[in-house]
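Biologist: Before we look at anything in detail, I would like to learn how to read a structure of this kind feature by feature. Could you take me through the general idea each time and then the case at hand?

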Amino acid sequence: MNANLPVAATITGVRSLTADTTLFTLTCNDRAAAGKVASFLPGQFLELSLPGIGEIPVSYCGLPSAEGTIELCIRHLGHVTSPLHRATPGDAVGVRGPFGHGFPLDSYENQDLLLIAGGLGMAPLRSLLLALLEQRRRWGELTLLYGAREMGALLFLEELQQLALRSDITIQLAVDRRTHCLEGPPGCRVALLPALLEQLTIRVERTCAALCGPPVVYPYLVSGLKRIGLSDERIHLSLERHMKCGLGRCGHCAVGTLLCCCDGPVFSHARLRGIEGALA
Amino acid sequence: MSVHFITANRLPQLLHLLRQRGELHAPLRGADGVVRFAPLAAGTLPELDALRTLLPPKIYLLPPRETILTYRDDTNYQEPQVTTFPLILFGLHPCDLAGIGYLDRIFLGEDPDPVYAARRSSLTLIGTNCTPDQFCSCHLQPSPLSASHDLFLQRIDDGFAVSSGSPGGDELLETLAELIEERELAADDTRRFFGSQLKQPPQSELDPYLLDWQELAGHCLGCGACSICCPTCYCFDVLEFGGLDGRSAERLRHWDNCLFKSHAQVAGGASFQKDRAQRFRYRYRHKYRGFGQLKGIPSCVGCGRCREACLAGLDLRPLAERLERGVS
């Protein structure tokens with residue numbers, strides 16, 4: 001099997017989340033291939049091909065599915081994602097994956113979990129959140145801190161507000177700045193993520209943190225978590241790099257001497273410690 | 001020690017026999033004075049004394065630009081038809097053979113790359129020894145990689161001691177039987193420079209912080225010549241071109257260069273290697289530390305091309321030696 005070769009998939013759903021971000025639902029055309037590409041661990045990624053345009057790495061955003069349905073949350077920013085803005089149900093794409101290592105669910109057993117998402121980082125963490133909720137009893141307390149730059153940029157807002165009604169999860173939403181037109185939904189504050197972190201009470205000896213956000217926020221979050229008392233081994237972050245092949249060959253996703261595509265994209269902070277430029 | 005031996009005056013016959021088995025390429029000096037691998041026409045002798053070709057033999061395995069997938073809307077993405085023909089590379093030096101050995105590890109390991117594999121299987125590698133010059137470091141700092149070859153011609157006195165390094169080489173040796181005589185050699189006469197083994201560089205994740213990064217990178221022009229001429233530089237970009245019919249496309253693999261700003265760029269223009277010093281250090285890590293599954297395996301084979309090509313006269317080797325000694 002040629003690992004470079006995408007399998008055919010069709011866009012079956014297009015849901016605009018914000019002005020520049022869309023949730024796509026894809027379905028693999030071939031059932032046998034679907035089993036492989038749609039079986040993943042939250043935090044892993046796939047390579048999405050738009051014929052004639054190119055291929056990009058994208059995190060899985062939903063739950064693994066035996067039917068080969070894949071959810072991808074995409075911001076229209078790059079040379080492949082911008083044309084995807086015009087994609088409609090029925091359009092053909094290609095997918096290959098899953099690649100890399102996801103969040104270490106097995107080591108989360110019986111632990112309190114603190115998910116911290118910034119901006120588009122909510123996409124892979126939604127996958128993790130849904131997976132955690134699916135087997136809710138395996139974990140201790142569940143907390144999600146999610147910050148975006150403004151109200152209109154909060155992804156999956158309705159879904160998260162619904163989830164916030166549950167008693168077995170705490171969800172805190174925050175925006176960097178207030179915008180003129182919108183009142184904040186209940187529970188949404190104007191604050192930066194590190195500030196939310198400071199007001200949090202957690203049991204450090206049994207808490208694991210899963211982070212995904214823009215590089216700029218990582219140093220603040222990591223130092224915030226360490227100040228609370230969390231050890232490097234208990235902090236996992238998903239790093240952004242341009243994984244062009246997914247197979248450890250193209251050389252674009254190196255973090256120190258680690259490769260984001262094969263060793264990551266989810267790393268424990270213990271593994272990244274001391275690697276200059278790893279976080280931001 | 002008894003060895004298979006071919007006297008130098010039989011070289012034309014040897015080349016003639018090899019030519020029966022495929023297209024023969026060897027180092028040739030062009031009219032421009034540049035030595036490069038090129039088809040060896042009948043009656044021409046290869047430039048065996050030239051130390052290094054401008055471009056390494058990786059061009060036979062990883063052309064600067066090649067199609068890795070084709071797309072048509074009725075068939076989706078497909079593997080391209082790679083047409084290969086038997087190709088014999090004659091006169092490869094041990095460093096270049098080691099370079100091919102390294103590329104094999106990258107592209108023929110887990111999930112072998114079919115395009116590379118097709119090209120590789122059509123190659124016959126015939127090596128020969130050489131004498132290092134001031135740019136070479138195979139004798140000082142060779143790669144722990146083994147040189148992969150089918151035949152090796154060790155130049156000794158009036159001819160070549162011939163040894164085989166693969167089943168294909170054994171078979172080839174049989175077809176050369178008429179040229180081969182047996183000769184006694186002193187057992188320690190191994191005048192070929194595979195060099196001594198490099199001590200493994202330090203394996204810690206941390207590079208000692210050296211001012212040298214800034215200082216060396218300050219001289220670097222960022223031209224990327226060192227990477228282009230490197231026998232083990234394989235970083236590639238992936239490009240896709242849509243056909244004008246709107247129904248087809250081609251996906252290409254294209255040499256990339258870690259000294260270019262675009263190398264670590266992500267969508268939106270952010271880059272994880274904004275400074276030249278960071279890119280320079282990336283190159284050092286790749287050459288002397290190795291990445292991912294080849295972490296810990298230095299990929300510098302000591303061919304000296306980068307040192308010769310560098311317009312600023314930069315040399316990563318002293319840095320590697322300093323780091324190896326733990327001096328910061």
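Biologist: Into which domains is chain B divided?

Modeller: Domain bounds come from an automatic or database domain assignment, and here chain B is divided into domain 1 (2-64 + 80-184) and domain 2 (211-235 + 256-324). This is a predicted model, in which local features need pLDDT of at least 70 and side-chain atom pairs count only at pLDDT 80 or more, while totals for chains, interfaces and linings use all residues. Residues are numbered from 1 along each chain as its sequence is written, and chains are lettered from A and ligands numbered from 1 in the order in which they are written.

Biologist: How many residues of domain 1 of chain B are in contact with domain 2 of chain B?

Modeller: Two residues are in contact if their C-beta atoms, placed from the backbone, lie within 7 Å. By that rule 26 residues of domain 1 of chain B are in contact with 19 residues of domain 2 of chain B, and the C-alpha centres of the two domains lie 27 Å apart. For the classes, Ala, Val, Leu, Ile, Met, Phe, Trp, Tyr, Cys and Pro count as nonpolar, Asp, Glu, Lys and Arg as charged, and the others, Gly among them, as polar. The side of domain 1 of chain B that touches domain 2 of chain B then has 16 nonpolar, five polar and five charged residues.

Biologist: How many residues does each chain bring to the contact between chain A and chain B?

Modeller: Chain B brings 38 residues and chain A brings 37 residues. To name the elements, helices (H or I, at least four residues) and strands (E, at least two) are taken as DSSP runs, numbered from the N terminus. Strand 4 (65-72), strand 5 (76-78), helix 2 (94-107), strand 11 (236-242) and helix 7 (276-288) of chain B each give two or more residues to the side that touches chain A, and strand 11 of chain B gives the most, with five residues. By class, this side of chain B has 19 nonpolar, nine polar and ten charged residues.

Biologist: How should I read the sheet in chain A, and in what order do its seven strands lie?

Modeller: Strands of a sheet pair through backbone hydrogen bonds, either parallel or antiparallel; the working criterion is that DSSP finds at least two bridges between them. In chain A, seven strands form an open sheet in the order 10-9-8-7-11-12-15, with mixed pairing. Strand 10 (188-190) and strand 15 (266-268) of chain A are at the edges with a single partner strand each, so one side of each is left without a neighbour in the sheet. The twist averages 20° from one strand to the next.

Biologist: Which strand of chain A pairs with strand 7 in the parallel sense over six bridges?

Modeller: Strand 7 (residues 112-118) of chain A pairs in this way with strand 11 (residues 207-212) of chain A, where A:Leu113 stands opposite A:Cys208 and A:Asp112 has A:Thr207 as its bridge partner. Six bridges also join strand 7 of chain A to strand 8 of chain A, again running parallel, and there A:Gly118 is partnered by A:Gly147.

Biologist: How many residues of helix 3 of chain A are buried?

Modeller: A residue is buried if 20 or more other C-beta atoms, placed from the backbone, lie within 10 Å of its own, exposed if 12 or fewer, and partly exposed in between. Ten of the 13 residues of helix 3 of chain A are buried, including A:Leu125, A:Leu128 and A:Leu132. Helix 3 (residues 122-134) of chain A lies across strand 7, strand 8 (142-148), strand 11 and strand 12 (235-238) of chain A. It runs at about 155° to strand 7 of chain A, where axes are lines fitted to C-alpha atoms, for helices over the stretch in contact, and angles run from 0 to 180 degrees between N-to-C directions.

Biologist: Which backbone angles deserve attention?

Modeller: Most residues other than glycine have a negative phi, and most peptide bonds are trans. The peptide bond from A:Gly97 to A:Pro98 is cis, with omega near -5°, and A:Pro98 lies in strand 6 (residues 92-99) of chain A. B:Asn76, in strand 5 of chain B, has a positive phi of about 60°, and with 21 C-beta neighbours inside 10 Å it counts as buried.
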